[in-house]
Amino acid sequence: MADPTLLKKSGFLVLALALSACTTTQAVPLASTPAVPPGMQYLYGSGEAAAQALQTWRQLTGFVAQKVAASPAESVILAEGASLAAPRWVPCGTKPKAVVFDVDETVLLNLGFEANDAAHPAPYDQKVWNAWERSDLDKVAAQPGAVAALAELRRMGVTVIFNTNRSIANADITRATIEAAGLGPAVHGETLYLSGDDAMGSRKDGRRATIAAKFCVVAMGGDQLGDFSDLFNAGLAPAPRRATVLSGPIAAHFGAGWFVWPNPVYGTALKGGLDDIFPQDKRWAPPAGDK
């Protein structure tokens, strides 16, 4: 057996050498946590975004309740050949009532996909999104207020329909994801419409027309203007696109048939340079003495 005194002295020597090394060698810094982009902080983490979602769902369900009682003559889907400047609407007739929603960042929040994007920033990659569509069953969350609101709409006798640009190739997993989040049922071809259901790709007007042929659509909800009409994506620059929303007869439908959830993370809203966003007559700079 070794001498305990020698072992103790040896231990002190090892400790001393280790402490000496610490004073002469720079410590390796720990990896920092990636910063979360402000848009993601707002949409996925803030109380303000949750409050706005609850507010929009409450406005939507209240509006639909009024329409159910009133039996409207027209739907909120633009008729073929209509324009944003001169809108015309698909007539309802005796068709059953429905509401139509986008899925991503409208009824579902894509927490898993966006967390990966925040941790590993990279340009959008369709292959990565396709992989997400096939595997996101338990990595999403329902938009705050969505589960209760959709249940209330169904109790009114209104059919809830999802119109999403998720791929028809992933129809089964998309259905399962929606239903696992408590938002279903979602039946492809009946209450779930997908990119690939027609030849229009990511444009949704064809799918909306198919839905409007079967239902009196009394409200629509989405996070992109293209969730209401493809005409909003007809090449307008940011300023005239915004002006189209704010002027003319189409403006009256926001909050009264068309309901928008904010999405500061991705999509058609996120474009435009300084000259597109800030008019010259609204520019300001602090006085020279205050800079």
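## A walk through the predicted fold

Ser71 sits in the loop between helix H3 (47–70) and strand S1 (74–78). This is a predicted model, in which local features need pLDDT of at least 70, side-chain atom pairs count only at pLDDT 80 or more, and totals for chains, interfaces and linings use all residues. Residues are numbered from 1 along each chain as its sequence is written, and side-chain values use heavy atoms, with hydrogens and water left out. Helices (H or I, at least four residues) and strands (E, at least two) are DSSP runs, numbered from the N terminus.

Start with the backbone at Ser71. Its phi is positive, about 50°, although Ser71 is not a glycine. Most residues other than glycine have a negative phi, and most peptide bonds are trans. Ser71 has 48% relative accessibility, so it counts as partly exposed. The classes are buried (under 20% relative accessible area), exposed (over 50%) and partly exposed in between, with a 1.4 Å probe and protein chains only.

Is Glu105 buried or exposed? At 0% relative accessibility, Glu105 counts as buried.

A further backbone feature involves a proline. The peptide bond from Gly184 to Pro185 is cis, with omega near 10°. Pro185 belongs to the loop between helix H7 (171–180) and S7.

Now step back to the whole chain. Its secondary structure comes to 10 helices and 9 strands. Of its 291 residues, 36% count as buried. Take the contacts (heavy atoms within 4.5 Å). Among those between residues at least 6 apart in sequence, 73% join residues at least 24 apart.

Five of the strands build a sheet. In what order do they stand? The open sheet runs S7-S6-S3-S8-S9, and the pairing is parallel. Two strands pair if DSSP finds at least two bridges between them. Strand S7 (192–195) and strand S9 (258–260) each have a single partner strand, so they stand at the edges with one side left without a neighbour in the sheet. Neighbouring strands of this sheet are turned by 20° against each other on average, direction ignored.

Strand S6 (residues 159–167) pairs with S7 in the parallel sense over 3 bridges. Phe162 has Leu192 in S7 as its bridge partner. A helix covers part of this region: helix H6 (residues 146–155) lies across strand S3 (97–101) and S6. H6 runs at about 135° to S6. Axes are lines fitted to C-alpha atoms, for helices over the stretch in contact, and angles run from 0 to 180 degrees between N-to-C directions.

Next comes the empty space. Rolling a probe the size of a water molecule over the atoms shows where empty space is left. The search uses a 1 Å grid over the protein atoms alone. A cavity is a set of points where a 1.4 Å probe fits but cannot get out. A pocket is an open set with protein on both sides within 12 Å along at least five of seven lines. Lining residues have an atom within 4 Å of a point. Grid points are joined across faces, edges and corners, and a volume is the space filled by probe spheres set on the points.

The structure holds 1 cavity of 30 Å³ or more. The largest cavity has about 40 Å³ of space. Its lining is Val100, Phe101, Asp102, Asn163, Lys204, Arg208, Met220, Gly221 and Asp227. S3 and strand S8 (216–222) are the elements that give two or more residues to this lining. By class, the lining has 3 nonpolar, 2 polar and 4 charged residues. Here Ala, Val, Leu, Ile, Met, Phe, Trp, Tyr, Cys and Pro count as nonpolar, Asp, Glu, Lys and Arg as charged, and the others, Gly among them, as polar.

The largest pocket holds about 920 Å³. It is lined by 34 residues, of which Tyr124, Trp129, Asn165, Tyr266 and Gly267 lie nearest its centre. Helix H4 (111–119), helix H5 (126–135) and S6 each give two or more residues to its lining. H5 gives the most, with 5 residues. The lining has 8 nonpolar, 14 polar and 12 charged residues.

The second largest pocket has a volume of about 650 Å³. Of its 19 lining residues, Leu225, Arg241, Arg242, Val245 and Ala269 lie nearest its centre. Helix H9 (238–246) and helix H10 (274–277) each give two or more residues to that lining. H9 supplies the largest share, 6 residues. The lining divides into 11 nonpolar, 3 polar and 5 charged residues.
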